Every structure is written in C-alpha cells, then in structure tokens.
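Trainee: I have a new model open and would like to learn how to read it. Could you walk me through it?

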Amino acid sequence: MRKKKKPYRKYKEYRQGVYKPVNSTKYIGAKNPRYLSSWELKFFKWCDRNPHVIKWSSESVCIPYISPVDGRMHRYFVDNTVHIREGDKMVKYLIEIKPSKQTRPPKQHGNKKRSTIVYEAAQWGVNQAKWKSAKDWADKNGYIFQIVTEKDFNLFTR
C-alpha cells in the first residue's frame, strides 16, 4: 500500500499549498506556485483571473541584501512580480505580501517578553533592509515595489 504524500506545509498555522493557475499562459514559472498564506492564495487567484494582468510570477526575483542582524549578504525572494496593463501601457510591479503589523516598527508594551521585543526589532530591521534593496532593484529595472497587506485585499476580491 502506497503512503499518501503529505501536502507542502512550511508553517502549520497558515493555509498553504500549491496553486494550479487557470490561465497557465499568464504564469511565468517552471512549477506551479506555492502559497504560504490565504492572502498569497487570494493574490494568486486575482493575478490569474484579472484580464488586466498580462503575466505574473511567484518568488522569481532574487535580490541580495545585507542583514543588519549579522552584517552578512543574504538573498531576498520577493513574493511576486506582476505585469499589469494600465490604459495603453504596461506597468511592472514587485509585490511583497505582509501582515500590516509587520510593516510598522514594533511596539513595546508592558506584557511583551523581552525575547519577543528583541525578535520583532530584528525582524523589522531585516525587513527594512530587504525592502530598501527591493526598492533600489525595482527603480533600476523599471518596476514599482509595493507592499500589500490584508488592508489592501478588498482590491483583490473583484
């Protein structure tokens, strides 16, 4: 009897899986994209079904950045690229999908553990370094770098 293959799950608390594009000619990639959250899945569906999206990809752009935590070079795989027809021109976007609380500096309040405060501060620093490198890369390569949060997802329900 064959064992049933377990689905890909990097983080057990989030909805994850592999998305099979309906309009596969619009998707750029050798394999179907993996989503690590329900927000990523919703964004994939929006890209796949939106007639203004010419092409899109998942984690296809790798940008080097220096981490403020260890001072070493790391690689940042931006969540998505999307080429959208806006009027008579095509606009290229680099899209990072993040919870809105991770797009602001962490807040310290009385009931947080010190280790949590240190971790959140480190993550904030790393994200800032990644986003600065992504913005610089986007500017040099004709893209617009955009961070999308759950607050933006009403845009993707059409």
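Trainee: Let me begin with a cysteine: is Cys47 buried or exposed?

Mentor: This is a predicted model, so treat every value as computed from it. Cys47 is buried, with a relative accessible area of 0%. Cys62, by contrast, is partly exposed, at 31%.

Trainee: How many disulfides does the structure hold?

Mentor: The general idea is that a disulfide is a covalent bond between the sulfur atoms of two cysteines. Here, a search of the whole structure finds zero.

Trainee: Which way do β7 and β8 run relative to each other?

Mentor: They are antiparallel: strand β7 (residues 80-86) and strand β8 (residues 89-97) are joined by seven bridges. To see a facing pair, find Thr81, which stands opposite Leu94 in β8.

Trainee: What span should the 28 residues of α2 have?

Mentor: Count 1.5 Å a residue and you expect 40 Å; the end C-alpha atoms of α2 are 40 Å apart, so the two agree. Just after α2, Gly142 has a positive phi of about 75°.

Trainee: Which residues of α2 are buried?

Mentor: First the general idea: an α-helix has 3.6 residues a turn, so residues three or four places apart point the same way. In α2, the buried residues include Val126, Ala129, Lys130, Ser133 and Ala134. Among the elements that cover the buried residues of α2 are β5 (62-66), β6 (73-77), β8 and β9.

Trainee: Where does Phe145 lie?

Mentor: Look in strand β9 (residues 143-148). Phe145 counts as buried because its relative accessibility is 14%, and the cut-off for buried is under 20%. Leaving aside neighbours within four places in sequence, the contacts of Phe145 include Tyr76, Leu94, Trp131, Ala134 and Ala138. Of these, Trp131, Ala134 and Ala138 are also buried residues of α2.

Trainee: What distance separates the C-alpha atoms of Phe145 and Ile95?

Mentor: They are 6.1 Å apart, although 50 residues separate Phe145 and Ile95 along the chain.

Technical notes
Residues numbered from 1 in each chain as written. Predicted model: local features only at pLDDT ≥ 70, side-chain atom pairs only at ≥ 80, totals over all residues. Heavy atoms only, no water. Disulfide = S-S within 2.5 Å. Buried < 20%, exposed > 50% of the residue type's maximum accessible area, 1.4 Å probe, protein only. Helix = DSSP H or I, 4+ residues; strand = E, 2+ residues; numbered from the N terminus. Contact = heavy atoms within 4.5 Å. Pairing = 2+ DSSP bridges. Expected span 1.5 Å × (residues − 1).
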